[in-house]
Amino acid sequence: MNRYRLSTFGLEAAMIAVAVVVGFPVYVLLNLAVRAPSDTSSPIRPTTTPTFDNFTQAWQQGALGGALVNSALVTVGSVVIVLAVSSLAAYPLARVTARWSRGMFLLIMLGLVLPFQLAALPLYQTMRDLGLLGTIWALILFYSGLLVPFTTFLYVGFLRALPRDFEDAALIDGCTPLEAFRFVVLPMLKPVTVTALVLNAVAVWNDFFTPLLYLSGTAHQTMPVAIAGFVGQYAADWNLIFAALVISIVPVLVVYFVLQRSIISGFAGGLKG
Amino acid sequence: MAVAQDVKIRDRVVARRRRRPNAPPWWFMAPAMLLFAFVVLVPSVRGLYYAFTDWDGLDPDFAMIGLGNFTKMMDDPNAAQAIWHTLLIAVSITIIQNGFGLLLALGVNSIIKSRNVLRVFLFAPAVVTPIVTAYLWRNLLGPDGAVNSLLGAVGLGSLQQDWLGDPHLALWSIVAVIVWQFGGYSMVIFLAGLQSVPREIYEAAAIDGTGPVRRFWSVTRPLLAPAFTINLMLSIIGGIKLFDQVYALTGGGPGHATDTISTLIYKDAFTLGEFGYSIALAVILTIIVAVASTGQYLLLSRNERAAS
């Protein structure tokens, strides 16, 4: 069962074939991104005289640098806030069995089912009235609330499986509940924090619908909205568009390949709860 | 002396009782609850209310029209179609993406040499922004795109299609793009499940002379129940809420051939200004998500219990 046989080789070949098919779009993406617009040969033929003009042009015309900064600010801001408030909230939710605690937990879990489309339009009006539309603060505020149910759910599940002995000891030794949380509970939550961090950061970075609503028509755009605007503007110039797509993908893939171990186990692990 | 000793003990007992581990206070959840109420709870309740009005998103003068938006939906062929597309996409993605993901997981869980590289590579599309991959595919699937070029190059020119422009194909093209992007996501979750299966169980089954198919069905499948629960839940809810890929690939077209509830909500609200009607559609979406997730939860948790 553990020997490399001919059938294992067959499986290896089949899996690599699948990987080639999955990778085919990436090849075309890179191939066309380095191709001059004047070259109209088949998209699958390797580009003979590669050029980087598309990249410089896309970077200058698409305001992609600003979009990258905005996306980074929104992602970091929202994720830090949601991890802080959700882990803190999970502590009484997991430890207190009084009726108010269980009631609140059910209320938060309701948020897992409510699709944000229901809240998005009334909230759009509120954001407008508060003058937050078109600012990245609207997005940070939005994600900080939107991601509370899922993040709290992860933390509560994890905390319930943790023994209380350490925090009890800290409390007996005279810690306040806040100190017990900060210095005893929070460090033990590290594995689930990594999971929540990865899943939330990817969700916020990639979200398109919300910034489309709250930022459209303004100069402050996140990467997905900037890309959509770029495609709308240069509709037929696919070489330029592909260069912009590559620019938007590179930071994500660099982070992914550097942290792949934590990211993959984050995706797989959150789900064990 | 004895009295002093007693007093000391009593003081110590009182002190300990006072310092007894006290439960974390309720206000720890206040920041999270405030954010959650502001962003999700209050707007959702207001949304529920607006669904029964003719609000246009701007005019403060609007009227209660009872079930007007919902009866209007009955007569709106676009709404019925969008609901149908949404369900069709959700069910197709759930079946195809998880089938594909399970096969990939079994493949990379074997002893092939490329398994570690393949895991990282096959999962990579799942972290890339969906709107970006969708624009990439919009070009690949175009009449002069790379998919048709490839078919021509390998002598399958007769299969060339206008993948996104043909109303009968466009929906399936969208499903294919999503499976391409998130097959690796399902794989990673199944893989975590597979790796939690103890090796000894397989060895015992192998010693008993169980074939690979039987081994999968009787040993692996029941132990994968938690991974199935998570994967099915994620793909069905993701499929029901689908917006980005449809927006970028077809914009709901050609005609309304690929409109989902989410794209229709967006169009009705922001291009037609029918906020009330649009929110009524969101209510329908909420009901579908709620029914699907509760149903699936009940069904799968029963299976999980049966399997364990």
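**Exercise 1. The contact between the chains**

How many residues of chain B are in contact with chain A, and how many residues of chain A do they meet? Describe the make-up of the side of chain B that is involved.

*Solution.* The model is a predicted one: local features require pLDDT of at least 70, side-chain atom pairs count only at pLDDT 80 or more, and totals for chains, interfaces and linings use all residues. Residues are numbered from 1 along each chain as its sequence is written, while chains are lettered from A and ligands numbered from 1 in the order in which they are written.

Step 1. Two residues are in contact if their C-beta atoms, placed from the backbone, lie within 7 Å. By this criterion, 75 residues of chain B are in contact with 76 residues of chain A.

Step 2. The helices supplying at least two residues each to the side of chain B that touches chain A include H4 (77-108), H8 (170-195) and H14 (275-307). Helices are DSSP runs (H or I, at least four residues) and strands likewise (E, at least two), numbered from the N terminus. H2(B) gives the most to this side, with 13 residues.

Step 3. By residue type, this side of chain B divides into 56 nonpolar, 14 polar and 5 charged residues. Here Ala, Val, Leu, Ile, Met, Phe, Trp, Tyr, Cys and Pro count as nonpolar, Asp, Glu, Lys and Arg as charged, and the others, Gly among them, as polar.

**Exercise 2. The fold of chain A**

State which elements chain A has, and explain why chain A is more spread out than a compact globule.

*Solution.* Step 1. Chain A has 14 helices and 0 strands.

Step 1. Its radius of gyration, taken over C-alpha atoms, is 24 Å, well over the 19 Å that the globule rule (2.2 Å times the number of residues to the power 0.38) gives for 273 residues, so chain A is more spread out than a compact globule.

Step 2. The C-alpha atoms of chain A fill a box of roughly 75 × 65 × 30 Å along the principal axes.

**Exercise 3. Domains of chain A**

Identify the domains of chain A and the separation of their centres.

*Solution.* Step 1. An automatic or database domain assignment gives domain 1 (6-51) and domain 2 (62-223 + 245-272).

Step 1. The centres of domain 1 and domain 2 of chain A, taken over C-alpha atoms, are separated by 36 Å.

**Exercise 4. Confidence**

Report the scores of the model.

*Solution.* The model scores ipTM 0.88 and pTM 0.87.
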